[in-house]
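Biologist: I would like to learn how to read a model like this one. Could you take me through its features one by one?

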Amino acid sequence: MITIIPSIEVMKANVDNNIQSSGGELRRVAFDVSTDLMSLGDVDVLIEGILYEKIIEPKLLPDHKVFFEKTYRIDNSARGVTDYNIIQAIRWVAESESNSRKVIILSENEGDFESICDDKIRCFKPARFIELVERAKLLHKAKVFSTIDDSLMAILFVLKQ
Amino acid sequence: MALKNIRLGRAENLSDEKRKEFSLPKEGLIIIESLNPDLRENIIAIKGGGIREYLRSKGNFLEVAEKD
């Protein structure tokens, strides 16, 4: 029961025709890893609605839109709220989502979300997230945990820090 | 052919026959596309380039300014 929320820079790296930096590549891979987890366990990827509307959607062709809108949960809770920027909207959605599921925020700027992180919400830089998910997969493969969900919960929420 | 729906899946959950039909590896993330009006299914394995390269196989992202 984990929801992964990618932040602005992670999504920008995924709808850019020309990723060149190693940082950009890591952000792209972190999003791939998140999508891969959706097919392995009880994992959702939630894209905040203002981020989708302002950063992602303007760059998409019709087939791209079908992919995003059918694959990921686009949460429009904060769309239309006066004076809410994307970071504030992600914080609000993450806190609301954490009432029902554990939440991972993927961001290079962990400080933006520090105030809401607790035992139900964690924020990871893409590189760290990739490393931790790899560890969780290895532990599951070694049968330390019977399901990938248990392994992810242990590595991302219990054993972390 | 218009893309109408998308499902994520795992190659390891498909039959050998299906994997052979769509030239898929034995395991890994797959994208199952529903296309119409000539209703059919297409299955694509996600390789090293990931989701971004899958999307770019449909066409480059538009070069537009972000909305305020």
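The dialogue below goes from chain B to chain A and then to local backbone features.

Modeller: One caution before we start. This is a predicted model. Begin with the chain B inventory.

Biologist: What does the secondary structure of chain B come to?

Modeller: There are 2 helices and 3 strands in chain B. Along the sequence, the pattern reads β-α-β-β-α.

Biologist: How do I read the sheet in chain B? What is the strand order?

Modeller: General idea first. Strands of a sheet pair through backbone hydrogen bonds, either parallel or antiparallel. In chain B, the 3 strands make an open sheet with the order β1-β2-β3, and the pairing is antiparallel. At the edges sit β1 (2-10) and β3 (40-45) of chain B, each pairing on one side only. From one strand to the next, the twist averages 25 degrees.

Biologist: What radius of gyration does chain B have, and what would a compact globule of 68 residues have?

Modeller: Chain B has 14 Å, while a compact globule of 68 residues would be near 11 Å. Along its principal axes, chain B spans about 50 × 30 × 15 Å. Burial is another number to check: buried residues make up 12% of the 68 residues in chain B. Then take the contacts in chain B between residues at least 6 apart in sequence. Of these, 25% join residues at least 24 apart.

Biologist: Now the interface. How many residues of chain B are in contact with chain A?

Modeller: 20 residues of chain B are in contact with 25 residues of chain A. On the chain B side, β1 and α2 (50-56) each supply at least two residues. The most comes from β1(B), with 7 residues. By class, that side of chain B has 9 nonpolar, 5 polar and 6 charged residues.

Biologist: Which helix of chain A lies across β1 and β2 of chain B?

Modeller: That is helix α2 (residues 22-40) of chain A, running at about 75 degrees to β1(B). To check such a helix, compare its reach with the expected span. α2(A) has 19 residues and reaches 27 Å from its first C-alpha to its last, close to the 27 Å expected at 1.5 Å a residue. Several residues of α2(A) are buried, among them Leu26(A), Phe31(A), Val33(A) and Leu37(A).

Biologist: What is the strand order in the chain A sheet?

Modeller: 5 strands form an open sheet in the order β3-β2-β1-β4-β5, with parallel pairing. The edge strands are β3 (73-75) and β5 (121-124) of chain A; each has a single partner strand, so one side of each is left without a neighbour in the sheet. Here the twist averages 30 degrees from one strand to the next.

Biologist: How many bridges join β2(A) to β3(A)?

Modeller: Strand β2 (residues 43-48) of chain A is joined to β3(A) by 3 bridges, and the two run parallel. Within this pair, Leu46(A) stands opposite Arg73(A) in β3(A).

Biologist: Which strands does helix α5 of chain A lie across?

Modeller: Helix α5 (residues 86-97) of chain A lies across β1 (2-6), β2, β3, β4 (102-106) and β5 of chain A. Its angle to β2(A) is about 145 degrees.

Biologist: Last topic: backbone angles. What should I look for?

Modeller: Most residues other than glycine have a negative phi, and most peptide bonds are trans. Now the exceptions. A cis peptide bond joins Asn36(B) and Pro37(B), with omega about 20 degrees. Pro37(B) is in the loop between β2 and β3 of chain B.

Biologist: What is the phi of Asp83(A), and is the residue buried or exposed?

Modeller: Asp83(A) is not a glycine, yet its phi is positive, about 70 degrees. The residue lies in the loop between β3 and α5 of chain A. Asp83(A) counts as exposed because it has 5 C-beta neighbours inside 10 Å, and the cut-off for exposed is 12 or fewer.

Biologist: Where is Lys143(A) found?

Modeller: Lys143(A) is in the loop between α6 (126-141) and α7 (148-158) of chain A. Its phi is near 65 degrees, again positive in a residue other than glycine. Lys143(A) is exposed, with 8 other C-beta atoms within 10 Å.

Key:
Residues are numbered from 1 along each chain as its sequence is written. Chains are lettered from A and ligands numbered from 1 in the order in which they are written. This is a predicted model: local features need pLDDT of at least 70, side-chain atom pairs count only at pLDDT 80 or more; totals for chains, interfaces and linings use all residues. Two strands pair if DSSP finds at least two bridges between them. Helices (H or I, at least four residues) and strands (E, at least two) are DSSP runs, numbered from the N terminus. Axes are lines fitted to C-alpha atoms, for helices over the stretch in contact, and angles run from 0 to 180 degrees between N-to-C directions. Two residues are in contact if their C-beta atoms, placed from the backbone, lie within 7 Å. Ala, Val, Leu, Ile, Met, Phe, Trp, Tyr, Cys and Pro count as nonpolar, Asp, Glu, Lys and Arg as charged, and the others, Gly among them, as polar. A residue is buried if 20 or more other C-beta atoms lie within 10 Å of its own, exposed if 12 or fewer, and partly exposed in between; C-beta atoms are placed from the backbone. The expected span of a helix is 1.5 Å times one less than its number of residues. The radius of gyration is taken over C-alpha atoms; the globule rule is 2.2 Å times the number of residues to the power 0.38.
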